[in-house]
Amino acid sequence: MSFAKAQDLLRLAQMAASRRGGVSLEDISAEFDVSHRTAQRMTEALEATFVNVSTVDDAERRRYWRMDAPLPDRLQPRQETAIEALEIAARTARDEGRIRHSRALEDLRDGLLARLNPRDALRSEADAEAVLAGLGQVTRPGPTVTLKPAVTDAVIEALRGPFRLRVCYGAQGAAPRVIEPHGMLLGHRTYLVARQPARGEDILNFRMDRIHEAEVLNESFQPASGFSLEAYAAQAFGVYQDPEQYGEVVWRFTPEAAERAAEFRFHPTQVVEPQDDGSLIVRFKAAGWLEMAWHLYQWGDKVDVLAPAGLRELIAGHQRSDFDALP
């Protein structure tokens with residue numbers, strides 16, 4: 001649907017909501033300066049878009065379309081997509097151990113369904129389930145890290161404050177430590193980004209799966225001045241932070257791999273430079289050479305590291321030529 005047609009549909013919905021008797025095809029033709037057939041198509045779009053449209057025929061058998069809801073709620077777009085989005089978000093939160101978020105999203109979904117009449121609620125649920133059944137989650141090889149819901153809940157509560165956390169981290173029986181949470185990094189592993197006052201002002205990463213217990217303390221703190229989780233995360237290629245490795249990264253993909261590499265977003269700050277010979281150069285600034293090496297291995301001998309020298313040495317001798325496909 002074009003933008004102009006969408007505007008016309010909203011105008012029609014407002015007419016049907018504001019006129020006690022509704023709108024007829026003649027009203028629509030006159031208001032929008034369209035033919036009788038186009039007016040019919042507009043009423044079909046109105047019924048397909050909103051759940052609370054009803055029709056009534058007068059004594060002369062003229063049909064009127066109106067919105068059957070209290071004035072503030074008359075414009076009610078169909079909710080299948082919203083229900084699908086909330087269910088997908090709830091499942092993702094549940095898989096990541098964020099049980100509190102999962103339950104809140106499920107409550108929003110249920111509240112949305114409760115506002116619909118029974119017929120439309122059943123239809124919306126059925127349509128959403130049909131879409132959800134067709135969405136599969138790709139299972140990546142390797143171990144799956146399980147997070148403790150109680151720990152995740154405590155971290156989220158502490159971030160709201162912000163409040164300090166007392167955690168048991170690392171080996172079983174390790175002495176508790178007090179940390180000041182600044183955010184969470186979600187990836188192949190989930191990390192808590194925090195400052196540990198006993199170790200200074202540096203921002204550190206704590207693996208969430210290695211936090212055995214977490215208790216929110218009734219102690220607020222002042223977050224690090226100017227700290228941005230987005231900027232902090234961008235300093236790394238993956239999640240590993242190493243100030244000594246941070247610097248410019250330059251990769252050259254061969255002409256055979258250039259088109260495929262151009263589809264990737266390797267880093268938020270990347271700059272892509274197509275070359276005259278068909279190759280592709282990608283530049284960005286980050287740390288984490290080991291995680292870069294893990295990724296570059298998938299490209300075999302179709303990528304060269306121009307910088308930094310340390311990364312180039314790390315992958316030397318490990319670039320295979322016999323891979324059947326590119327990532």
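R61 sits in the loop between β2 and β3, where helices (H or I, at least four residues) and strands (E, at least two) are DSSP runs numbered from the N terminus. Its phi is near 65°, a positive value in a residue other than glycine. R61 is also exposed, with a relative accessible area of 76%; here buried means under 20% relative accessible area, exposed over 50%, and partly exposed in between, with a 1.4 Å probe and protein chains only. A word on the source: this is a predicted model, in which local features need pLDDT of at least 70 and side-chain atom pairs count only at pLDDT 80 or more, while totals for chains, interfaces and linings use all residues. Residues are numbered from 1 along each chain as its sequence is written, and side-chain values use heavy atoms, with hydrogens and water left out.

As for the overall layout, the protein splits into domain 1 (3-75), domain 2 (80-134), domain 3 (149-228) and domain 4 (243-315), with bounds that come from an automatic or database domain assignment. Between the C-alpha centres of domain 2 and domain 4 there are 40 Å.

β2 and β3 belong to an open sheet of 3 strands, ordered β1-β3-β2 and paired antiparallel. The edges are taken by β1 (23-24) and β2 (53-57), each of which pairs on one side only. Two strands count as paired if DSSP finds at least two bridges between them. β1 and β3 (residues 63-67) are joined by 2 bridges, and S24 has Y64 as its bridge partner in β3. β2 and β3 are joined by 5 bridges, with S54 partnered by R66 in β3. The hairpin of β2 and β3 has 5 residues between the strands, and it is there that R61 takes its positive phi.

Next comes helix α5. The buried residues of α5 are I99, S102, L105, E106, R109, L112 and L113. Seen down the axis, these buried residues fall within an arc of 145°, so they line one face of the helix; the arc is that of the directions from the helix axis to the C-beta atoms. An α-helix has 3.6 residues a turn, so residues three or four places apart point the same way. Turned away from the buried side of α5 is a face that carries the exposed residues R103, D107, L108 and A114.

A second open sheet has 5 strands in the order β7-β6-β5-β4-β8, again with antiparallel pairing. β7 (203-207) and β8 (211-220) stand at its edges with a single partner strand each, so one side of each is left without a neighbour in the sheet. From one strand to the next the twist averages 45°. Within this sheet, β4 (residues 163-169) and β5 (residues 177-185) pair over 3 bridges, and L165 has I179 as its bridge partner in β5. Helix α7 (residues 149-160) lies across β4, β5, β6 (191-195) and β8, running at about 20° to β8; axes are lines fitted to C-alpha atoms, for helices over the stretch in contact, and angles run from 0 to 180 degrees between N-to-C directions. P162 is in the loop between α7 and β4, and the peptide bond from G161 to P162 is cis, with omega near -5°.

A194 has its place in strand β6 and counts as buried, at 0% relative accessibility. Leaving aside neighbours within four places in sequence, A194 is in contact (heavy atoms within 4.5 Å) with I179, E180, P181, H182, D202, I203, L204 and F206.

Further along, Q245 is in the loop between α8 (229-234) and β9 (247-253). Q245 is buried, at 18% relative accessible area, and touches A286, A287, G288 and W289, not counting residues up to four places away in sequence. The antiparallel strands β10 (residues 271-274) and β11 (residues 280-286) are joined by 4 bridges, with P274 opposite L280.
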